[in-house]
Amino acid sequence: MVKLAEQDVLTTEVLTWQGLHLFHFWGSSCSQKLRIYLSLKGAAWTGHEVNLPKQENFSTWYLGINPRGLVPCLVDDGAVHIESNDILLHLEDRLGGPPLIPDRARIAQLLRHEDDLHLDLRTITFRYTRLPGPVGKSAEGLDKYRAGGSGTVGGAEDGAKAREIAFWQSAAEQGITDAAVRAAAGRFRAALNGLEERLQGSQYLLGHALSLLDIAWYVYALRLRRCGYPLAQLHPRVSGWLDKLHAEPGFADQTVLLPELAKIAAESQRLQHERGTALPQLMGVEG
Ligand SMILES: N[C@@H](CCC(=O)N[C@@H](CS)C(=O)NCC(=O)O)C(=O)O
């Protein structure tokens, strides 16, 4: 569980906040997962949007709350929780509503796999939802990121920021390369093949009841499909399961793709299709 120690938090005003406060960004996959979960639980919460393209997550104020500079981040009666999957495990204990984590140890392990793929999702997202051009953060933003926040999590020096900085630096220097996209898509293909098997004879990923695992993979699968991943062709059961969840209350409304962003993504994918680098083309599976 990643609950911050008081010394990790430099923006101390949040330590006095009461109730559930969620720092999130509309288009962030981890934020979407949390918002869907809260909506299914019928929980009341206060939202604080952190605009990632504007690099608000690199502000001194926000780094003083989450030293990793990532969303989502939850403040629950003054306690700061980071890491979406840990936040969800915490909320399952904290909130009533329908149980969504039937087997804690098993779900925690399966969610670790999902979290490991997070940078792969970012790689594919940046490549197919933005127009070709420089990717990522400004050098000035990254300097602010490096310098800001306590640099500690749970009172100990935190290495997670270094991984983020390495991602953004590589993106700025080389862009998102075809090789990076191929590798990321390959890892997703293997994971989605696993889900395809899980869905054989089952309505949901853990059997016949909806669980947090469905919510987490719904968000990933939807994003991949919006990036042009050939979901129906490669994983028909996952594609049908995704459509079914999308029609259930609480899902589609938290993942609305703003029309101006949908237009940019469509143009990005059209241009890359012309160049032979659309996602199915790089995967070698264009049907
Ligand atoms: N392992 C973290 C990953 C969080 C993460 O990477 N969040 C992304 C948004 S989905 C973010 O804050 N990115 C920062 C940025 O784009 O500047 C979690 O599960 O909370």
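This is a predicted model: local features need pLDDT of at least 70, side-chain atom pairs count only at pLDDT 80 or more; totals for chains, interfaces and linings use all residues.
The ligand sits among 15 residues, and the protein buries 93% of the 520 Å² that the ligand would expose on its own.

**Who's around the ligand**
- Out of the 15 residues in the shell, the ones that come nearest are Val71, Glu83, Ser84, His118 and Lys137.
- If you sort the shell by residue type, you get 6 nonpolar, 5 polar and 4 charged residues.

- Ser84 has a polar side-chain atom 2.6 Å from an oxygen atom of the ligand.
- Val71 uses its backbone instead: one of its backbone N or O atoms lies 2.8 Å from a ligand nitrogen atom.
- With His118, it's a side-chain N or O atom again, this time 3.4 Å from an oxygen atom of the ligand.

**The nonpolar core**
- The largest nonpolar core contains 69 residues, and Trp217 and Trp241 have the most contacts inside it.
- Helix α9 (residues 212-226) is the top contributor to this core, giving 11 residues.
- Where does this core lie relative to domain 1 and domain 2? Domain 1 (1-98 + 139-174) and domain 2 (105-135 + 178-283) both give residues to the core, so it lies between them.

Technical notes: Residues are numbered from 1 along each chain as its sequence is written. Side-chain values use heavy atoms; hydrogens and water are left out. A residue is near a molecule or strand if one of its heavy atoms lies within 4 Å of it. A polar contact is a pair of N or O atoms within 3.5 Å; within protein, one must be able to donate a hydrogen and the other to accept it, and residues adjacent in sequence count only if both atoms are side-chain atoms. Accessible areas come from the Shrake-Rupley method with a 1.4 Å probe; for residues, only the protein chains shown count as cover. Ala, Val, Leu, Ile, Met, Phe, Trp, Tyr, Cys and Pro count as nonpolar, Asp, Glu, Lys and Arg as charged, and the others, Gly among them, as polar. A nonpolar core is a set of buried Ala, Val, Leu, Ile, Met, Phe, Trp, Tyr and Cys residues joined through side-chain atoms within 4.5 Å. Buried means under 20% relative accessible area, exposed over 50%, partly exposed in between (1.4 Å probe, protein chains only). Helices (H or I, at least four residues) and strands (E, at least two) are DSSP runs, numbered from the N terminus. Domain bounds come from an automatic or database domain assignment.
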